[in-house]
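The sequence and structure come first, and the description follows.

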Amino acid sequence: EQREGLTTIVSETKRCRDIVKELLNFSRQVPPHKTHVDLNAVAEKALDITDHQFEVNNIEVVRGLAPALPSVWADANKLGQVLLNLLVNAADAVEPGSGEIFVGTQVVEAEGRTFVEIKVADNGCGIPSEEQSQVFEPFFTTKESGTGLGLAVVWGIVTEHEGTIKLS
C-alpha cells in the first residue's frame, strides 16, 4: 500500500515538473536565430523524430513535400518545435490503427507576394467549432492531461516569424 502511494507521489511530481518546465519555456523570450532554412528538411527531421510513435500506433504518414521549395528566413529549431508539436497533437487526435497524418509543403501566391506554406492535417475527430477560437490561447486544452501551452507556443513562434497559422 505504501509502495502504491509512493509511486503515485513520484508520478505526480514528475507531471508537475513537466508542467513547470513547459511554463518556463513558454515564458522565456529567446530571440530566434534566423538563417536560410529548407522547410522540407525541417519537416523530414520532425517526421524522423516522431516516426517511431507513428509506427507503434500504426498511424500512416502521407508526405506531400513540394520539390525545389525556396528557402525561408527562419529559426530551424523553432520551426522544428512547431512541427513536432503539431505532429504530436495530430497523433493524439487520430485512432491508432486507422490514423492518417498528412504533412505537405507548397509555394503560395497571395496579395502579390510569395509564401511557403506547410500543412499538417489528420483524420482525427477534430475540435468542436465552439472551441476552435480558443486553441491558440495559453492554458486552453481539449486533452485530459494537457497543459494547454503547446499550441500557444506554436502560435508565438509562427507570429515571431511573421507567419500565420490557421485551424481548418
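**Overall layout**

Which pattern does the protein follow, read along the sequence? The pattern is α-β-α-β-β-α-β-β-α, with four helices and five strands in the protein. Helices (H or I, at least four residues) and strands (E, at least two) are DSSP runs, numbered from the N terminus.

This is a predicted model, in which local features need pLDDT of at least 70, side-chain atom pairs count only at pLDDT 80 or more, and totals for chains, interfaces and linings use all residues. Residues are numbered from 1 along each chain as its sequence is written, and side-chain values use heavy atoms, with hydrogens and water left out.

**Surface and contacts**

The protein has 168 residues, of which 25% count as buried. Buried means under 20% relative accessible area, exposed over 50%, and partly exposed in between (1.4 Å probe, protein chains only). The protein exposes about 11,400 Å², an area computed by the Shrake-Rupley method with a 1.4 Å probe; carbon and sulfur atoms supply 53% of it.

Contact means heavy atoms within 4.5 Å. Among contacts with a separation of 6 or more, 69% come from residues 24 or more positions apart.

**The nonpolar cores**

A nonpolar core is a set of buried Ala, Val, Leu, Ile, Met, Phe, Trp, Tyr and Cys residues joined through side-chain atoms within 4.5 Å. The largest has 20 residues, and Phe54, Ile59, Leu79, Leu87, Ile101 and Val103 touch the most other members. Two or more residues of this core come from each of helix H2 (39–56), strand E3 (72–74), helix H3 (76–93) and strand E4 (100–110). H2 gives the most, with six residues.

Apart from neighbours within four places in sequence, Ile59 is in contact with Phe54, Ala91, Val94, Gly99, Glu100 and Ile101. A second, separate core has seven residues, including Val82, Leu151, Val153 and Val154.

**Helix H4**

Helix H4 spans residues 150–160, and Leu151, Ala152, Val153, Val154, Ile157 and Val158 are buried in this helix. Just after H4, Glu162 takes a positive phi of about 60 degrees.

**The loop at Gly97**

Gly97 is found in the loop between H3 and E4. Why does Gly97 count as partly exposed? Its relative accessibility is 47%.

Leaving aside neighbours within four places in sequence, Gly97 is in contact with Asn57 and Asn58. Gly97 and Val56 are 41 residues apart in sequence, and their C-alpha atoms are 9.2 Å apart in space.
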